[in-house]
Amino acid sequence: MPLGRELPQLLRQRLFYKGRKFNFEVNRLRLPNKAEGEWECIRHPGGALAVPVTADGKLILLRQYRFAIQGRIIEFPAGTLELNEDPLEAVQRELQEETGYRAQKWDKLGEFFLAPGYSDEILYAFLARDLEKLETPPEKEEDEDIEVLYYTPEELEKAFIDGEPVDAKTISSFLLARPFLI
């Protein structure tokens, strides 16, 4: 089982909703410590994220509109995995769609849970280097409202400190990539 999983005993499934990107369920469970109760959970197929680095050491980020927070946020290119999709294949697709770049060199940085208090989503983070600009980038998805940004590592750290809206997966992945950005 990945990342230290220990399965609870399912006593009863009370509610299940199948959505476009994830499912939601409410279950009566018996936990490994024998405690019983009802818990809500978002079941997510996982995601993949790229930390793209240009030849001159700039990071490619996005300023993207996110309806859930009703505003724009700075983040690395990322996307949801399709059913049984390899995370590297997913992130290669997302990098091209969202930034118009392709990377020749990929290094896995790690994987981590995003919000384990209510979701099983795992994010797979990769470093993307040896970038080339695509002559004809793929079409963006209809709901994507994206501006491509270029930051030095120091500028991105300053954005964190200054309180610019940056998501947790971007901050975490930046910290994993930091040793490679010297």
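A: Let us start with one term: a contact, or one residue touching another, means heavy atoms within 4.5 Å. This is a predicted model, in which local features need pLDDT of at least 70 and side-chain atom pairs count only at pLDDT 80 or more, while totals for chains, interfaces and linings use all residues. Residues are numbered from 1 along each chain as its sequence is written, and side-chain values use heavy atoms, with hydrogens and water left out.

Q: Okay, which residues does F76 touch, not counting those up to four places away in sequence?
A: F76 touches L49, A50, V51, P52, L59, I60, L61, L62, L156, T170, S173 and F174.

Q: And where is F76 found?
A: F76 is in the loop between β6 (71-75) and β7. Helices (H or I, at least four residues) and strands (E, at least two) are DSSP runs, numbered from the N terminus.

Q: Is F76 buried or exposed?
A: F76 has a relative accessible area of 0%, so it is buried. Buried means under 20% relative accessible area, exposed means over 50%, and partly exposed lies in between, with a 1.4 Å probe and protein chains only.

Q: Zooming out, how many helices and strands does the protein have?
A: There are 3 helices and 10 strands in the protein, and along the sequence they follow the pattern β-β-β-β-β-β-β-α-β-β-β-α-α. The C-alpha trace spans about 55 × 35 × 30 Å along its principal axes, and buried residues make up 43% of the 182 residues.

Q: Which strands form the open sheet, and in what order?
A: The order is β7-β4-β9-β8, and the pairing of these 4 strands is mixed. β7 (78-80) and β8 (101-113) stand at the edges with a single partner strand each, so one side of each has no neighbour in the sheet. From one strand to the next, the twist averages 20 degrees. Two strands count as paired if DSSP finds at least two bridges between them.

Q: What about β4 and β7, in what sense do they pair?
A: β4 (residues 47-52) pairs with β7 in the antiparallel sense over 3 bridges, and G47 of that pairing stands opposite T80 in β7.

Q: Which strands of the sheet does α1 touch?
A: Helix α1 (residues 87-99) packs on the sheet and touches β4, β7, β8 and β9 (122-133), with its direction at about 125 degrees to that of β8. α3 lies across β4, β7, β8 and β9, and runs at about 105 degrees to β8. For these angles, axes are lines fitted to C-alpha atoms, for helices over the stretch in contact, and the angles run from 0 to 180 degrees between N-to-C directions.

Q: Staying with α1, what is at its start and what follows it?
A: At the start of α1, a side-chain oxygen of D86 comes to within 3.1 Å of the backbone nitrogen of L88. After α1 comes G100, whose phi is positive, near 80 degrees.

Q: Which residues of α1 are buried?
A: P87, A90, V91, E94, L95, E97, E98 and T99 are the buried residues of α1, and what covers them includes β4, β5, β7, β8, β9 and β10.

Q: Changing topic, how many bridges join β1 to β2?
A: 8 bridges join β1 (residues 9-18) to β2 (residues 23-30), and the two strands run antiparallel, forming a hairpin with 4 residues between them. R12 stands opposite R28 in β2.

Q: And how many join β2 to β3?
A: β2 and β3 (residues 36-43) are joined by 8 bridges and also run antiparallel. Their hairpin has 5 residues between the strands, and K34 takes a positive phi near 80 degrees there.

Q: Last one: what joins the side chains of E25 and N27?
A: A polar contact of 2.6 Å joins them. A polar contact is a pair of N or O atoms within 3.5 Å; within protein, one must be able to donate a hydrogen and the other to accept it, and residues adjacent in sequence count only if both atoms are side-chain atoms. E25 is in strand β2, and at 9% relative accessibility E25 counts as buried.
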